[in-house]
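Okay, everyone, thanks for coming. Let me put this one up on the screen and talk you through a few spots.

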Amino acid sequence: MKEATIVIGSLIHRDPAVFGAFLNSLKGLADNGWDIRYRFVGNESDREAVDLAERFARERKRAAVDRMSLYPESVKERALRIAEAKDRIADYARDEFCDYLFLVDSDLSLHPDTLTYLVQADRDVVSAVVWTKRPADQREMPQVWLDAQYTPYEWMLEQSAADEETVKRTLEYHKRLREPGVYEAGGVSGAILISRKALYAGVRFAPIPSVSLIGDDRHFSIRAAAIGLSLHVDTRCPAARIDAESALRAASAGEDREKPKAKTAQTEPREERQPMKRQEPITISLCMIVKNEEDAIGRCLESVRDIVDEIVIVDTGSTDRTKEIVRTFGANVFDFEWIDDFSAARNYAFAQATCEYILWLDADDYFKEKDRKLLKQLKRELDRSVDSVSMHYHLAFDANGNATHSLRRNRLVRRDRGYKWVGAVHEYLDVGGRIHLADIAVTHNKNKPYTDRNLQIYRRREKAGEPFTPRDRYYFANELRDNRFYEEAASHYVRFLDEGLGWVEDNIAACIKLADCYAKLNEPGKKLSALFKTMEYDTPRAEATYRIGVHFFEQNRIHQAIYWYELTTTLKKPVTLAMIENDMWTWMPHLQLCVCYDRIGDSERARRHNDIALSYNPTHPSMLHNKKYFESKLGVAP
């Protein structure tokens, strides 16, 4: 992560318990070695909350607290004062030549990795997402909006058919925001990271005279768009609103939130603290759907039998010994008639769970011993305010057992949140709230032969005229590609990308897979165009730049190949829930550079890149052969 100077600015919340909880979440933010400064503006009469800010400032070298009258009786005047206070903080960040201003509401609890994600998003204006259920709304709404201003759910329900398209578009946008990624927004608020470029371009919170909307964030968003800055929302690390009543109870109890794992705030230091009562471990229901898994299910359950408190198995039609095996692990077995809908089966399994949290696995998943230990530790220590735990998912491995393909999945979720699975095929768990990124990995080891089951489900849905979501379109294309219908797959990838509604990571992956289809169809020009298109969605990814290098290498354009392989070695792996082809981020471009430099006669550089590749994969036979070749050619001692 690059070096940066960041100002964290906030208006002091009038409720000291809420503000104390907010300050403690700031203390838990990962700073990545950045130069972090703090600027607070508080209402002159809110003495207790201002005292908390000043105490926080005294503990830090670069922190300051300003006072002004923020809350006059007039709503219009109050909006002016709040905008003035935010602009005062923005002026400081600009005048001090800071790289970023992180302007955040002081009633939010931030995930420790919030700033890491926002900076990594590399946008001029990007906000973390905050899901909130206001009294007027019937469900949680994001604090960012697509059109001119925030649209309450209650309003959408009351609209006439003439507004049906607007309502549909807004709800579809909210659905997209449930998937981790970085998306464009019409307006942002709550937890906004503003770049130096945006600060110098003239973004401000003061009201625009010709705009009648009330709200400093609305005027900020309109002004930013007017000067050519695009607004974005990052949904990978949601923030949560702090409940005032819970914060007050926590403060009264004197619980310590100095570290990210802690749960509540304290408003006054206690001279003599009683030892904290250790919390009971969470309880976990393991929920699985299975069919004819007698060869794999035992390994899966053995890896978690002493960790989970309940095993729920939903069988969709086994004819082998699956049910007999799972019952030896004390599982509760339920039958479910298969209806070509994975979400329906998984939601039924979740409905049978009785514990606090639900863990889901497939039969060919399991935890290796190191991950079992981490899962046990997580069970003991998990803060019950966490709504979901995201874990690594290792899908493919090299000869040494190192993961070559991996992604992240939300694996452990609070049962009382009622999260639902979505999608008949390639289903996903629609998760929101506070998400914890764990270092635990689930290992996937499938021994069953590949079938076209999923493709046939999509075929039947298509034939029945069922509408496809953008996600359906993308995964239908994947199934077509995996079953070697390359031309048909390419047409669906193009349609998916042209619709412009996909998750940014799916867009990038679609471009790469489209390129693979064109390679199979012997259309190299279209292949190269598809790979370059990945860079329309985000910074270059090794999965694309490495393939571009291969394209030029295969055409014997060695210098162009070297350029793209060298670029690949400089890229920083993104923090993402999407699939990562780890080999392309590590040893593969170095091995290719070894070959390229050897071809143009630069043996020393070739040897150096082979050594780097070996450092990642020390038993690779080709690289070991190269090592001996260069030792002999260059006279280098082994």
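I'll start with confidence, then go to a cavity, and end with a pair of helices.

So, this is a predicted model. Mean pLDDT for the protein comes out at 85, with 88% of the residues at 70 or more. Two stretches to flag, though. Residues 152–162 have pLDDT below 50, and beyond near neighbours in sequence that stretch makes 17 contacts in the model. Then there's 254–277, where pLDDT also stays under 50, and the model gives that one 55 contacts beyond four places in sequence.

Searching the whole structure turns up 4 cavities of 30 Å³ or more. The second largest cavity holds about 60 Å³. What lines the second largest cavity? Trp 131 does, along with the run Leu 177, Arg 178, Glu 179 and Pro 180, then Thr 235 and Pro 238, and finally Asn 410, Val 431, Gly 432 and Ile 435. By type, that lining splits into 6 nonpolar, 3 polar and 2 charged residues.

On the helix 17 side, the residues in contact are Cys 511, Ile 512, Leu 514, Ala 515, Tyr 518 and Ala 519. Helix 18 brings Lys 526, Lys 527, Ala 530, Leu 531 and Lys 533. That contact counts 8 nonpolar residues, 3 charged and no polar ones.

Note on methods. Residues numbered from 1 in each chain as written. Predicted model: local features only at pLDDT ≥ 70, side-chain atom pairs only at ≥ 80, totals over all residues. Heavy atoms only, no water. pLDDT = per-residue confidence, 0-100. Contact = heavy atoms within 4.5 Å. 1 Å grid on protein atoms, 1.4 Å probe; cavity = no way out; pocket = protein on both sides within 12 Å on 5 of 7 lines; lining within 4 Å. Points joined across faces, edges and corners; volume = space filled by probe spheres on them. Nonpolar A, V, L, I, M, F, W, Y, C, P; charged D, E, K, R; others polar. Helix = DSSP H or I, 4+ residues; strand = E, 2+ residues; numbered from the N terminus.
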